[in-house]
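Visitor: I am new to this structure, and I would like to understand the words used to describe it. Could you take me through them slowly?

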Amino acid sequence: MKIIKAKDYKDMSRKAANIISAQVIMKPNCVLGLATGSTPIGTYQQLVEWYNKGDLDFSEVTSVNLDEYKGLTRDNDQSYYYFMNENLFKHVNINKERTHLPDGTQPDAAKACADYNNVIASVGGIDLQLLGLGHNGHIGFNEPSDSFELETHCVDLTESTIKANQRFFASYDDVPKQAYTMGIKTIMLAKKVLVVVSGEDKADIVKKAFFGPVTPQVPASILQLHSDAIVVADEAALSKI
């Protein structure tokens, strides 16, 4: 595991975008695994800026997202499809037909998960997977557990995750309680993994996840075993290392 120290959020975003843009330039038809949440927004903004300057071409890129809320339609402004469209897809020349997320409108969890596993297999796997890091160590919606979940599965979101997401919804009751998420095995099979982390409030979990024991109680700790994992974190997030 390689740890890159950034000065602040803006520097972290730029350094992470550098790694993603290098992937796109080296392999124009690459498969990018993408993440949502507040942390990657700056990274996407930087990629859009470079695209607008003519430095990047996404026309051959395929994307697969980590997760989607169960029960939200794509036009719901809190769905992850909506998030990706607003923060990246509609600003670059990526082919929308090659952007993939789990189908949150599919009520049959087994079917939704099997279908998404098939999508990931059909695109040939992931070249670079972007990840954020939850306060409890979750990656995607892989929450602390007694075992590492393997492939796409339906999760009951923990109380801490629901509360963390509440700020995006009108009320606690409006926050989805389940999500479809890519599993740990799928993430670990990505050729390269890039984790972005910012803020002093993430310092404890950074220490636990990347310098503590590998345990499903801290899902991100499994990344210590990945052959090409890069963590880009700002000074505040690395303050306890």
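Guide: Let us begin with S63, which counts as buried because its relative accessibility is 0%, and buried means under 20% relative accessible area, with exposed meaning over 50% and partly exposed in between, for a 1.4 Å probe and protein chains only. This is a predicted model, in which local features need pLDDT of at least 70 and side-chain atom pairs count only at pLDDT 80 or more, while totals for chains, interfaces and linings use all residues. Residues are numbered from 1 along each chain as its sequence is written, and side-chain values use heavy atoms, with hydrogens and water left out.

Visitor: What does S63 touch, not counting residues up to four places away in sequence?

Guide: S63 touches L32, L34, F89, I94, R98, T99 and H100, where contact means heavy atoms within 4.5 Å. The place of S63 is in strand β3, residues 62-65; strands here are DSSP runs of E with at least two residues, helices are runs of H or I with at least four, and both are numbered from the N terminus.

Visitor: How do you know that β3 and β5 pair?

Guide: Two strands pair if DSSP finds at least two bridges between them, and β3 and β5 have 2 bridges in the parallel sense. In β5, H100 is the bridge partner of V64. Both strands belong to an open sheet of 7 strands with parallel pairing, in the order β1-β10-β9-β6-β2-β3-β5.

Visitor: Why are β1 and β5 said to stand at the edges?

Guide: β1 (2-6) and β5 (99-100) each have a single partner strand, so one side of each is left without a neighbour in the sheet. Across β3 and β5 lies helix α4, residues 109-122, which runs at about 150 degrees to β3; such angles run from 0 to 180 degrees between N-to-C directions, with axes fitted to C-alpha atoms, for helices over the stretch in contact.

Visitor: Which strands form the antiparallel sheet?

Guide: That open sheet has 3 strands in the order β4-β8-β7. Here β4 and β7 (153-156) stand at the edges, because each has a single partner strand. From one strand to the next, the twist averages 25 degrees. β4 pairs with β8, residues 178-181, over 3 bridges in the antiparallel sense, and D67 stands opposite T181 in β8.

Visitor: Why is T39 called buried, and what makes P144 partly exposed?

Guide: T39 has a relative accessible area of 11%, so T39 is buried. The place of T39 is in the loop between β2 (31-34) and α2 (41-52), and, leaving aside neighbours within four places in sequence, T39 is in contact with Y9, M12, V196, V197, S198 and K202. P144 is partly exposed because its relative accessible area is 30%. P144 is found in the loop between β6 (128-131) and β7, and its C-alpha atom is separated by 5.9 Å from that of P219, 75 residues apart along the chain.

Visitor: What classes of residue make up the lining of the largest pocket?

Guide: The lining has 13 nonpolar, 16 polar and 5 charged residues, where Ala, Val, Leu, Ile, Met, Phe, Trp, Tyr, Cys and Pro count as nonpolar, Asp, Glu, Lys and Arg as charged, and the others, Gly among them, as polar. The largest share of this lining, 4 residues, comes from α5.
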